[in-house]
Amino acid sequence: MTTVIREGWTTFKSIFTGMGVTIRHFFKPAVTELYPEEKVELPKGARAKLYVNIDDCIGCNLCARACPVNCIDIETVMATSDVDLGKTSTGNPKRFWLTQFDIDMAKCMYCDLCTFPCPTDCIYMVPEYEYSEFDRTNLVYHFSDLTPEKVDEVKEKAEKEAEEKKKERERKMKEKKAKAKDKAKSKPKPKPKPKQPDNKKDDEES
Amino acid sequence: MIESYGNINPVLAVLIHALIPLTIILVYALVAIWGERKVAGFIQDRLGPHRVGGWHGWAQSIADLLKLIQKEDIVPKDASRFLFKFAPFMMFAASYAAFAVLPFSSWYIGSMIDIGVFYLIAITSVLTLSVIMAGWASNNKWSLLGGMRSAAQLVSYEVPTIATVLTVIVVSGSLNLMTVTEMQSGNDILGFLPNWFIFQNPFLIIAFGIFFISILVESHRVPFDLPESESELVAGYQTEYSGMRWAMFMLAEYADMLLLSLLGVTLFFGGWNSPFGSFMSGPAWGFFWFLLKGFMLVFVMMWIRWTLPRYRVDQLMHICWGILIPATFVNLILVALWEVVF
Amino acid sequence: MEFTAILFYVFAILTIGSASIMVFSKNIVHSAFALMFTLIGVAAIYVLLYADFLAATQLLVYVGGILILILFGVMLTSQESAKLNFKTVTVNVVPASILSVTALVLLTYVFTTTQWASRNLETPQETVEILGTMLMSDYLLPFIIAGVLLLIAIIGSILMATRLNSKPTESN
């Protein structure tokens with residue numbers, strides 16, 4: 001009998017304690033965020049969407065190489081000597097036309113590995129998470145700001161210059177050879193300095 | 001009462017008279033289903049339905065109803081067709097018929113019959129049968145189990161329900177709920193408390209506790225919702241139902257909740273009497289107070305639902321036969337003694 | 001036709017129709033549910049006869065109690081039993097026909113010879129109070145005997161249930 005009363009008392013006490021808890025929560029304001037109207041501010045360092053500040057990109061291809069899933073696709077064309085592409089905000093000289101800079105966000109696995117090797121900090125995550133699409137191809141983001149005509153023009157120019165340079169080199173080679181022949185006949189001349197800049201040099205600078 | 005409708009066809013007058021509770025039930029069901037979800041939301045620190053209709057999603061139930069009307073009415077291949085289709089309507093008819101003896105205000109009662117509350121208890125026993133009917137006709141093991149559980153728990157808990165009602169009848173001396181309500185008017189206890197039965201006799205507080213537990217079981221509410229316990233029996237006897245037939249079950253369930261809450265209000269909390277004596281009392285205020293008190297009890301039922309977990313079947317039966325029934329009868333004797341002494 | 005007369009015929013047809021379904025159905029559960037409609041119809045006819053207490057008792061005891069018991073019995077025994085094939089062909093033709101003809105003759109005799117009191121029913125006042133007073137005064141003995149009988153039945157069922165339960169626990 002006493003146990004029945006004691007157990008009954010415990011039961012009632014716990015029921016009323018529980019109901020006290022629920023009624024307190026009843027009057028608490030809800031923690032719900034009304035999503036489409038109110039948006040949650042993402043925490044610092046949230047990985048939501050990749051963005052490329054194309055003005056700062058020097059086309060070094062480091063991000064593409066760092067990507068574990070190969071979702072970054074970069075195509076660069078050498079700037080011809082008659083154009084000056086200027087400098088990035090960090091002071092690095094730009095030497096390439098970025099004819100293509102595509103990021104496939106459908107492939108991206110948000111590892112954030114691409115952002116660290118960037119010498120100019122131009123690729124980074126932005127707190128933007130509403131980019132679902134009905135078509136998967138729409139998830140490929142094109143960051144290159146060149147029009148297709150411009151791309152063609154740039155490519156043509158670059159090819160021309162490359163050809164000219166090749167000719168030049170061939171010519172020089174010929175000259176060299178001729179001179180070597182001459183030298184073989186007379187005396188040798190000092191070698192010409194290497195003029196062509198390349199990626200490696202950029203990397204070393206940064 | 002029917003005379004007060006004036007010079008119209010008596011059959012039409014009866015119809016109008018009978019449609020008043022139906023209107024209340026239908027409007028209440030829409031509000032209560034929305035309210036239940038809001039209460040659940042608030043208790044869980046959420047907002048609940050919030051989109052349809054603007055202010056706090058008030059039109060959610062209407063949208064749900066429109067959805068349910070458009071749904072396909074599926075009858076399982078091996079189901080017993082007639083019984084399957086008939087069960088939800090019988091269930092609602094039984095709860096609706098029971099509203100006939102509830103005095104909504106001093107002006108309105110469906111039927112002034114002497115047997116009042118006895119009729120109410122008798123007609124609600126048809127509910128059990130309709131649940132068994134739905135469970136068996138679905139030809140589904142979950143449905144059948146739900147139906148059997150429902151029958152077991154309803155038949156068992158009819159005993160404490162009737163016995164607690166009897167305790168009140170001992171005090172009031174009348175089965176007619178209108179008379180029972182009229183006996184509770186006035187504010188005489190301790191100078192300010194209304195003359196409600198719950199304040200008149202201390203043992204009636206215990207009786208109300210037992211009555212409340214029993215009506216939770218009778219209306220299949222958590223923590224006693226074993227007939228439709230979704231984690232064990234899919235949806236119990238409602239498993240095979242869809243569309244409007246399922247909506248009828250839902251409607252009947254909510255109507256049953258309101259019915260039993262209103263019965264509790266009539267028996268223990270003074271029915272349509274105003275808590276402030278003659279202030280704010282009258283036929284129209286009667287409706288207001290009666291439904292307000294009923295909604296308060298319905299709210300407590302919802303509050304309990306979102307607080308307590310479900311009982312096991314054997315625990316449920318033990319509570320009934322081992323604790324409630326002996327307690328009710330001892331309490332009945334104590335109430336009678338108190339009435340004799342004071 | 002009067003409104004109550006229409007109601008009477010509706011409920012009479014309901015009662016007779018469901019009673020015949022109950023008798024002729026081959027499915028026990030269907031029979032049980034048909035019995036429910038019969039009982040409800042009879043209760044409605046009681047109401048039309050101003051016997052509201054009797055009607056409510058009929059509902060509470062037969063529909064809410066006995067019928068559920070029957071359904072429980074049918075359902076707790078195996079599912080196949082609901083589809084049991086009853087013998088619908090007549091067995092024992094001679095005794096059956098003798099019995100039914102005798103019953104028919106007796107009933108017709110009683111029906112024709114009884115002096116049916118035909119008078120207008122007046123609405124009785126306070127049926128419950130009169131009933132209660134009569135049960136507690138004039139019919140006290142039968143009332144108490146019925147109560148004792150039910151008590152004995154309850155004690156007997158508890159005894160049987162505990163005996164059945166105690167056996168396996170002892171063997172364990």
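Tutor: We'll take those topics in turn. This is a predicted model, so local features need pLDDT of at least 70, side-chain atom pairs count only at pLDDT 80 or more, and totals for chains, interfaces and linings use all residues. Residues are numbered from 1 along each chain as its sequence is written, chains are lettered from A and ligands numbered from 1 in the order in which they are written, and side-chain values use heavy atoms, with hydrogens and water left out.

Student: Which residues does UniProt list for "binding site"?

Tutor: The unreviewed UniProt entry lists A:Cys57, A:Cys60, A:Cys63 and A:Cys118. They span 62 residues in sequence, yet no two of their C-alpha atoms are more than 10.6 Å apart, so they gather at one spot. A caveat on the record: positions are in the numbering used here, feature names are shortened, and annotations may be inferred rather than shown by experiment.

Student: Where is A:Cys57 found?

Tutor: A:Cys57 is in the loop between strand S1 (49-52) and helix H2 (62-66) of chain A. Helices (H or I, at least four residues) and strands (E, at least two) are DSSP runs, numbered from the N terminus.

Student: Is A:Cys57 buried or exposed?

Tutor: A:Cys57 is buried, at 7% relative accessible area. Buried means under 20%, exposed over 50%, partly exposed in between, with a 1.4 Å probe and protein chains only.

Student: And what is A:Cys57 in contact with?

Tutor: Leaving aside neighbours within four places in sequence, A:Cys57 is in contact with A:Lys94, A:Leu98, A:Phe101, A:Thr120 and A:Cys122. Contact means heavy atoms within 4.5 Å.

Student: Where is the place of A:Cys118?

Tutor: A:Cys118 is in the loop between strand S3 (96-104) and strand S4 (123-126) of chain A. A:Cys118 counts as buried, with 10% relative accessibility.

Student: Rings next. How many aromatic pairs over all chains?

Tutor: There are 34 aromatic pairs over all chains. One of them joins B:Phe84 and B:Tyr241, stacked at 4.2 Å centre to centre with 5 degrees between the planes. Rings of Phe, Tyr and Trp (its six-membered ring) pair if their centres lie within 6.5 Å; planes under 30 degrees apart count as stacked, over 60 as edge-to-face and the rest as tilted.

Student: Which parts does the pair of B:Phe84 and B:Tyr241 tie together?

Tutor: B:Phe84 lies in helix H3 (residues 81-98) of chain B, and B:Tyr241 in the loop between helix H9 (230-233) and helix H10 (243-268), so the pair ties together parts 157 residues apart in sequence. B:Phe84 is buried at 0% relative accessibility. B:Tyr241 is buried too, at 6%.

Student: What about B:Phe203 and B:Trp338?

Tutor: Their ring centres are 6.0 Å apart and their planes at 80 degrees, so the pair is edge-to-face. B:Phe203 lies in helix H8 (residues 202-218) and B:Trp338 in helix H12 (residues 313-341) of chain B, so this pair ties together parts 135 residues apart in sequence. B:Phe203 is partly exposed at 22%, and B:Trp338 is partly exposed at 27%.

Student: On to the interface. How many residues of each chain are in contact?

Tutor: 15 residues of chain B are in contact with 14 residues of chain A. The area buried between them is about 1,400 Å², and carbon and sulfur atoms give 71% of it. Buried area is the accessible area (1.4 Å probe) that two parts lose on being put together, summed over both.

Student: Which residues in chain B lose the most area?

Tutor: B:Asp45, B:Arg51 and B:Trp303 lose the most area to chain A, together 39% of what that side buries.

Student: How many salt bridges across the interface?

Tutor: The rule finds one salt bridge there. B:Arg51 forms a salt bridge with A:Glu37, with the closest N and O atoms 3.2 Å apart. The rule wants a side-chain nitrogen of Lys or Arg within 4 Å of a carboxyl oxygen of Asp or Glu.
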